[in-house]
Structures are given as C-alpha cells and as structure tokens.
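Student: I would like to go through this model with you. Could we start with the overall layout and then turn to the details?

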Amino acid sequence: MITYVYAQDLKGAIGYKKDLPWHLPNDLKFFKEVTMGHTMLMGRTTFESMDRRILPGRKTVVLTSQEDYGQDIAELGLVHSGEEVLELAKDQELMVIGGAGVFKSLMDHVDKIVRTVIEGEFPADTYMSDIDQENFRLDKLVEVPANEDNEYPHRFEWWVRK
Ligand SMILES: NC(=O)c1ccc[n+]([C@@H]2O[C@H](COP(=O)([O-])OP(=O)(O)OC[C@H]3O[C@@H](n4cnc5c(N)ncnc54)[C@H](OP(=O)(O)O)[C@@H]3O)[C@@H](O)[C@H]2O)c1
C-alpha cells in the first residue's frame, strides 16, 4: 500500500527554493516517528534537497528517469517509473514523502495520507493539491499549539481512502 507523508501550509505550500518553507522541529520529529522502519520513496529533487542523505532506520528509494543516477550511493534504492513504484508497494506500506511531482504522478494509487497542516502562509514555489474529500475521509486529527520551540500551531491529520 502507498501512504503519503507531507507537511503543507494553509495554502497548500510544501516547498521553497528546494527546501521546506518553514522550520518546525515538532513536525520533523513527527516525520521521523511516522516513517521509521519503513521504506521511503522520494523524487530525485527532494533527495537532493536533503543533500542526498540516507536517513537512519529507513530504506531510501529515489524515483528518477535517469538510468545512471545515484550509482555512487550503495545503500540507495532506485526506481524509474510509476509501475516500479507500485511493484515496490505490493507487499509493504511504502511511505511516499514527496515532492509535488511524485505526489502528482501517484495520486490515483495512494491509500492513506498523513498530513501536517501548519497554521500559516509562507513564501513558496511548490504546492500540493488539496485532499479530494470525495475519495478520502479524515480518520484522526491531533492539534498542537505553538510553543517555545515551535513557532506555528499545527495539526496532524490521518486520511484514508473511502
Ligand atoms: N513539505 C513537505 O512535506 C515536502 C516533502 C517533500 C518535498 N518538499 C519540497 O518539495 C520540493 C521538491 O519537489 P518537486 O516537485 O520539485 O520535486 P520531486 O517530486 O521531489 O522530484 C521530481 C523528480 O522526480 C522524478 N520523477 C517524478 N515522477 C516520476 C516518474 N513518474 N517517473 C520517473 N521519474 C519521476 C523526476 O526526476 P528526474 O528529473 O531525475 O527524472 C522529477 O524531476 C522541494 O522544495 C522540497 O523541499 C516538501
């Protein structure tokens, strides 16, 4: 099965200048908890925005059309088409972590969405479309107020395909 994991602001912004538009440590902690132990799939641009780092405790797989990409990183998994992604998701919960290009190309196949909504509006150049509520229902919601270390109130949402 395929699960999307991402954070957006109130306007759907997810990225700015190849980075996240905000700094919110609590969301990074949440991301770690949700993805730990799973295989994470990401687009080539997102992988590069993470400085091509392999995060501990999670298998990293990059989606790219470039056949010779990433050969220098031994631990890296690579896939080159949507079909290969579906094959990978057949016998595990595959955590698809973005960015917008990858989310768009797999939208028909996503089973679950774990979304952080940050209560603010940020300068951005990459956006996520809103969740289609005809096809997904909100299963769980946790609201978190701002605090000393986390400047913005935010909420964690779990959506499942109807
Ligand atoms: N807020 C969040 O939760 C979040 C999460 C992730 C990323 N982001 C942000 O989003 C931005 C990056 O997103 P993006 O949309 O520009 O890039 P992206 O989705 O990470 O990567 C796009 C690349 O993925 C590959 N790709 C996508 N679909 C493919 C397919 N069907 N077959 C083969 N290859 C495919 C292509 O790589 P090739 O060009 O190599 O072929 C494409 O150029 C950054 O700002 C990042 O910080 C935010």
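Student: In what order do the elements of the protein run from the N terminus on?

Tutor: The order is β-β-α-β-α-β-β-α-β-α-β-β-β-β, with 4 helices and 10 strands in the protein. Helices (H or I, at least four residues) and strands (E, at least two) are DSSP runs, numbered from the N terminus. This is a predicted model, in which local features need pLDDT of at least 70 and side-chain atom pairs count only at pLDDT 80 or more, while totals for chains, interfaces and linings use all residues. Residues are numbered from 1 along each chain as its sequence is written.

Student: What is the radius of gyration of the protein?

Tutor: The radius of gyration is 15 Å, close to the 15 Å from the globule rule for 162 residues, so the protein is as compact as a globular protein of that length. The radius is taken over C-alpha atoms, and the rule is 2.2 Å times the number of residues to the power 0.38. The C-alpha trace spans about 45 × 35 × 30 Å along its principal axes.

Student: Which strands form the open sheet, and in what order?

Tutor: The sheet has 8 strands in the order β5-β4-β3-β6-β1-β7-β10-β9, with mixed pairing. Two strands pair if DSSP finds at least two bridges between them.

Student: Why is one side of β5 and of β9 left without a neighbour in the sheet?

Tutor: β5 (77–79) and β9 (136–144) stand at the edges and each has a single partner strand, so one side of each lacks a neighbour there. Neighbouring strands of this sheet are turned by 25° against each other on average, direction ignored. Such angles are taken between N-to-C directions on a scale from 0 to 180 degrees, with axes as lines fitted to C-alpha atoms, for helices over the stretch in contact.

Student: How many residues of β9 are buried?

Tutor: The count is 0 among its 9 residues, and β9 is hardly covered. A residue is buried if 20 or more other C-beta atoms lie within 10 Å of its own, exposed if 12 or fewer, and partly exposed in between, with C-beta atoms placed from the backbone.

Student: What does β1 pair with?

Tutor: β1 (residues 2–9) pairs in the parallel sense with β7 (residues 112–118) over 7 bridges. Threonine 3 is opposite lysine 112 in β7, and aspartate 9 has isoleucine 118 of β7 as its bridge partner. β1 is also joined to β6 by 3 bridges, again running parallel, with tyrosine 4 opposite valine 96 in β6.

Student: Which strands does helix α1 lie across?

Tutor: Helix α1 (residues 25–35) lies across β1, β3 (39–43), β6 (94–96), β7, β9 and β10 (154–161), and runs at about 180° to β1.

Student: Changing topic: how many residues surround the ligand?

Tutor: There are 29, the closest being Gly15, Gly43, Gly98, Gly99 and Gly101. A residue is near a molecule if its C-beta atom, placed from the backbone, lies within 6 Å of it. The elements that give two or more residues to this shell are β1, β2 (13–15), β3, α2 (44–49) and α4 (100–106). By class, the shell has 10 nonpolar, 16 polar and 3 charged residues. Here Ala, Val, Leu, Ile, Met, Phe, Trp, Tyr, Cys and Pro count as nonpolar, Asp, Glu, Lys and Arg as charged, and the others, Gly among them, as polar.

Student: Where is there a cis peptide bond?

Tutor: A cis bond joins glycine 98 and glycine 99, with omega at about 0°. Glycine 99 is in the loop between β6 and α4. Most residues other than glycine have a negative phi, and most peptide bonds are trans.

Student: What is the phi of lysine 17?

Tutor: Lysine 17 has a positive phi near 50°. It sits in the loop between β2 and α1 and counts as exposed, with 11 C-beta neighbours inside 10 Å. Arginine 52 also has a positive phi, of about 55°; it lies in the loop between α2 and β4 (59–63). Arginine 52 counts as partly exposed, because it has 14 C-beta neighbours inside 10 Å.

Definitions and conventions: Contact = placed C-beta atoms within 7 Å.
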